[in-house]
Amino acid sequence: MVDLRQELLAVFDAEYRDHLRVIRDLLTAGCGTRQALAEIFRRMHSLKGAARAVEIPAVEEIAHDVENRLSTLMERGGTLDDADIATISRALDDIDAIMEPTPPPASVAPPDGAPDGRAAPPATGDGGGEAYVQVPVSRLDALSGAVHDLMGVAERHDRLWERLGDLMRDMRALSHAPQRIQADPVAIFSRMTRRLMAIGRDHELMTGQGDRALQRLGEEVHAISLVPAGTVFGSLAAMARRIAREHGGAQAQVEVRLRGMEVQAERRVMQALRDPVLHLLRNAIVHGHESRAQRLKAGKPEQQTITLTVTLTGVRLQVRVSDDGCGPDLKAIAARAVRQGMIHVDAPLDARQLLARVFEPGFSTRAHVDHLAGRGVGLSIVAEAARALHGTVAMEQGQPCGTVVTLTVPVSQRQRTVLLVENGKRMIGLPGRVIRHLLRVMREDIRMVDGCPFAVLPHPEATGTQPQATDGQAEEELVPIVPLSAFVGEDDVPACLPERSGAVTVAVMEVDGVSCGFAVERMVEVRTLLISDASAVGLDSELVPGIAWPREDRPVFVISPDRLFERWRARKGRGMHFAPAPPPQATPEARRAPLVLVVDDSITTRTLQKTILQAHGFDVMLAVDGEEALMMLLQSSRRVDVVVTDVEMPRMDGFALLAAIHADPRLADIPVVLMTSRDNEEEIRRGLEGGARAYITKQKFDQGELLATIRGLL
């Protein structure tokens, strides 16, 4: 059971963040009205009571002091002046400092305990404790309405089944009373047909209603998981001001502007971005710092300004940290990259490619190390966090000055936009965030460089990022082309690029400033899919971390671009090259592929095994249990070569199916592979003694074992 105090702290965590967010919004918007002043007073009073309830006297004392100041002001009928606003703002920063002491940089170990007089940070759920969010009553009402609609559809569906049951009973009764049918067969048949058609129409109508009700319920459940950006990022402005004082002394000031704090996304996504964004704020303060004289000479305000902007574009959340400091030193970055062996001294890199290097582990251009920066850890952690959220991070030079770093991640960790491509028998999902170009390259346009095929990219004139030659003319940009099928678990690495009608279809992807074109058989479409963890049978979980089911019978395997590029680099390092396909020639008729009958009562297992087997050249038939499998074996016009069957199934289990196959002379020589989730010696012995040719346990199963077993039996 959760400790009561920890649960109360978690509830208080959500409450105090909401109070501070609203008060800051009111201070920013102006507090010239009595209503605004009364709202700030009410929230400070509530915050004081809540802090007393969870025994955090430091917060209670600060809230009490602000409450007294506001009470006196309200009694005089006055409004907040600049001094009042500054005092309240400092009080809010102090409350943030108590509840969330500024964490040290990634390279500095955190203190063992909380500072004197401060509460330990409340359990947030991200570290294993409970977490709470405030949900508007309107959201709960909408969710309740969606559940009510779905229950209504379910009730109507039950009544429809009752009508169908009545019809079936009437038909059975007629079958036992032929004299009634003979009396007026046309009328009886017409009446039964009308009833059946009415049931069919109602079923079709209710199917649509059910789909819409489920969609609405899903949308409302998802909406409840959303929180405004301000609930997570609102306190970072206070932390940035404290970091500025640590870096530049007590008089150092930095203005932190927050934009888009009303934008909503999944709480776990926002929370996962919080520490990376804090790293970016710290980086902007340390690396963008300029003296007062330097700023005035450059025509800038005395005080450094950092802006944190949150925007939502489609299904992608963008968090941008920009500053008006000195900006990235490209020469220093290039020199550091050369010293660390990241680039060759003569490598022609543009600003975009060069700035991608700053996110490498251990990279820092700072001359000395202190408790705030210099170890080259912060930005690599930002990049890792972006990758973990299936997003990207990029740095660019600000205009007219400063630095801009942009984190782009899916607004939901379950929803991702992918490019669907066909690769053999598989449907592959390539994350849209890393796709740079989609090309169809004619055979004669493929450039061969050192025996490797390359594609010429269109000139990116609109972006102004193309490399420049010494004479000022834009150089051609070449990207290598490799077959995607060489990296997605195929047994035989193809020697040629897939080609159709004299052209190769290429998806050019970019990871960490490096581009590569992956040739696929066919591009299907771009879709936003719900992604599940790919812990299923036979999947390479590193390369394929996610799986989606847009169609019941064909899963989409979502590729990790980082792992894909790692494998491409590894093969490139071993000198493995791919060439365009040779010109088409007349080939003899292909030999018939072996036919495998897969028997399993789980649609997921059946579908995955079918996908794996078809991708490796087998024909596949599917059965839901032993009874259906036996019927298919006896009635199929084509002989089955191997049966792969689950053991535990309804109606007829795997052992019974094995016995039935061996009892029939027509089927007795078909090899049977038993597959079960149990690793039980007695069951294995029973299966092998019953005539099974192999026994595979799902707990230790991988696709290579299944393929090797089947091939060994053919």
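Reader: Which elements each supply at least two residues of the lining of the largest cavity?
Author: Helices α1 (4–29) and α8 (230–233) do. Helices here are DSSP runs of H or I with at least four residues, strands are runs of E with at least two, and both are numbered from the N terminus. A cavity is a set of points on a 1 Å grid over the protein atoms alone where a 1.4 Å probe fits but cannot get out, and lining residues have an atom within 4 Å of a point.

Reader: Before going on, what kind of model is this?
Author: This is a predicted model, where local features need pLDDT of at least 70, side-chain atom pairs count only at pLDDT 80 or more, and totals for chains, interfaces and linings use all residues. Residues are numbered from 1 along each chain as its sequence is written, and side-chain values use heavy atoms, with hydrogens and water left out.

Reader: Back to the largest cavity. What volume does it have?
Author: About 70 Å³. A volume is the space filled by probe spheres set on the points, with grid points joined across faces, edges and corners. The count is one cavity of 30 Å³ or more.

Reader: Which residues line it?
Author: Y16, R17, L20, R21, R24, D96, E100, G230, T231, G234 and S235. The largest share, five residues, comes from α1.

Reader: How does the lining split by class?
Author: Two residues are nonpolar, four polar and five charged. Nonpolar covers Ala, Val, Leu, Ile, Met, Phe, Trp, Tyr, Cys and Pro, charged covers Asp, Glu, Lys and Arg, and the others, Gly among them, are polar.

Reader: And which domains give at least three residues each?
Author: Domain 1 (1–99) and domain 3 (228–363 + 377–410). The bounds come from an automatic or database domain assignment.

Reader: New topic. Which residues touch the most other members of the largest nonpolar core?
Author: F233, L273, V277, L317, V319 and L407, out of 46 residues in that core. Its largest share, nine residues, comes from helix α10 (residues 267–287). A nonpolar core is a set of buried Ala, Val, Leu, Ile, Met, Phe, Trp, Tyr and Cys residues joined through side-chain atoms within 4.5 Å. Buried means under 20% relative accessible area, exposed over 50%, and partly exposed in between (1.4 Å probe, protein chains only).

Reader: What is V277 in contact with?
Author: Leaving aside neighbours within four places in sequence, V277 is in contact with F233, L236, L308, V319, V321 and L407. Contact means heavy atoms within 4.5 Å. Another core, of 31 residues, lies apart from the largest one and includes M44, I56, L73 and I95.

Reader: How much of the protein is buried?
Author: 44% of its 714 residues. The protein has 20 helices and 24 strands.

Reader: What about phi of E55?
Author: Phi of E55 is positive, about 60°, although E55 is not a glycine. E55 sits in the loop between α2 (34–53) and α3 (57–76). R651, also not a glycine, has a positive phi near 65°, and is in the loop between β22 (642–646) and α18 (654–663).

Reader: Is E55 buried or exposed?
Author: E55 is exposed, at 59% relative accessible area. R651 counts as exposed at 60%.

Note on methods. On a 1 Å grid over the protein atoms alone, a cavity is a set of points where a 1.4 Å probe fits but cannot get out, and a pocket is an open set with protein on both sides within 12 Å along at least five of seven lines; lining residues have an atom within 4 Å of a point.
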